[in-house]
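Colleague: I have a few labels to check with you. Let us go through how each one is reached.

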Amino acid sequence: MDTGSHLLFGATLGGLAMLDPVISVHPEIGYAVLAGTVLGSHAPDFDVFARLKGQAAYIRNHRGITHSVPAPLVWAAGIGGPFAWLFGVLDHVLLVMVWTLAAVCFHIALDLFNTYGVQCLRPFSRKWWHLDALCLFDPYLFGAHAIGLLFWICGIFPPGPMFAGIYAATILYIAIRLRLRWRIKRRLKLQLGRVTAITLVPSMSGRSWQFTADCGDCYRTGTVTASRIRLESTVVKYKPSEHVPAVKAALEADGVKAFLGFADQVHLQVEEKQDGYEARYPGKTYGSGGTIKWHLALMFNWTGI
């Protein structure tokens, strides 16, 4: 999800921790836990520093090793331990680390529920996992947690019980979204027939879903609402036999390798130009405000040598 949401959920996890009498009675422990949950809720996205090596490096590493199986334990120790020392509560360092661990795990779980997904099983598997249930920015989750945080700051409700209710509602909401995702995929399979894979992208309102379906020899895209399925385009899969050397040359580009590392449905277009070939990987990228059409294009000369 987006950075703002992750930081907000980190703050509300700090409020949820107030259910523990040890934390609620000792402010210094509460401050250490809150600092750990806020920083821990953002820690997996510290892979943003890969941008210093270029966009391809960032795409290749984002939501990879920092979201992997051992990562939560590393983040919990690396963040919770220093904060326990900083706030003078080393006797409760494990408590601070446990709540920091919860924040990191919640971050990874939320990323798993959207379309981009995570490599959460590294180092055992480099496969990208995505459950296609939540938008990158979910206004309902953000709104509920933001209101709860405001009530906590204003002293309207005690944080522990209030955030227990909010997190119970959050879990129920995600479960409902997963159920809707399952029903949408079932509807698509019944209408489209033979389908090997479906990628769904929920709208920010949650009332419609964009889809890309792999139907074997073609891709079909469109939009699903509660009342109908609207097909927008059918793209026949590219047969590379005519330009095999050109395709191989394009696959050697660093940007293409990074792109293909996480892309599920890929449609390649190759066009011969006067001075070489142009290889395109058209598609769509998805943000909090909807869809943006894009394509990855490479121009290169190939002489067959």
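Modeller: Start with C105, which is partly exposed at a relative accessible area of 36%. Keep in mind that this is a predicted model.

Colleague: Why is C105 called partly exposed?

Modeller: Buried means under 20% and exposed means over 50%. C105 has 36%, so partly exposed is the label.

Colleague: And what makes C120 count as buried?

Modeller: The cut-off for buried is under 20% relative accessible area. C120 comes to 18%, so it counts as buried.

Colleague: What does the protein contain in secondary structure, and what share of it is buried?

Modeller: Ten helices and seven strands. Of the 305 residues, 44% are buried. The accessible surface comes to about 15800 Å². Carbon and sulfur atoms account for 64% of that surface.

Colleague: Now the helix pair. How do you know that α7 and α8 are roughly antiparallel?

Modeller: The angle between them is about 180°. Over 145 degrees counts as roughly antiparallel. Therefore α7 and α8 get that label. Their axes lie 10 Å apart.

Colleague: Which residues make the contact?

Modeller: From α7, they include Y140, L141, F151 and W152. From α8, they include M162, F163, I166 and Y173. The residues of this contact divide into twelve nonpolar, three polar and no charged.

Colleague: Next, the loop between α6 (93–112) and α7 (139–154), where N114 lies. Why is N114 called buried?

Modeller: Buried needs under 20%. N114 has a relative accessible area of 1%, so it is buried.

Colleague: What does N114 touch?

Modeller: Leaving aside residues up to four places away in sequence, N114 touches M1, R63, H130, L131, D132, L134, C135 and L136.

Colleague: D132 is on that list. Where is D132 found, and what stands out in its backbone?

Modeller: D132 is in the loop between α6 and α7. Its phi is positive, about 55°, although D132 is not a glycine.

Colleague: What makes D132 buried or exposed?

Modeller: Its relative accessibility is 0%. The limit for buried is under 20%. So D132 counts as buried.

Colleague: Which peptide bond is cis?

Modeller: The one from R122 to P123, with omega near 10°. P123 has its place in the loop between α6 and α7.

How values were computed:
Residues are numbered from 1 along each chain as its sequence is written. This is a predicted model: local features need pLDDT of at least 70, side-chain atom pairs count only at pLDDT 80 or more; totals for chains, interfaces and linings use all residues. Side-chain values use heavy atoms; hydrogens and water are left out. Buried means under 20% relative accessible area, exposed over 50%, partly exposed in between (1.4 Å probe, protein chains only). Helices (H or I, at least four residues) and strands (E, at least two) are DSSP runs, numbered from the N terminus. Accessible areas come from the Shrake-Rupley method with a 1.4 Å probe; for residues, only the protein chains shown count as cover. Contact means heavy atoms within 4.5 Å. Axes are lines fitted to C-alpha atoms, for helices over the stretch in contact, and angles run from 0 to 180 degrees between N-to-C directions. Angles under 35 degrees count as roughly parallel, over 145 as roughly antiparallel, 65 to 115 as roughly perpendicular and the rest as oblique. Ala, Val, Leu, Ile, Met, Phe, Trp, Tyr, Cys and Pro count as nonpolar, Asp, Glu, Lys and Arg as charged, and the others, Gly among them, as polar.
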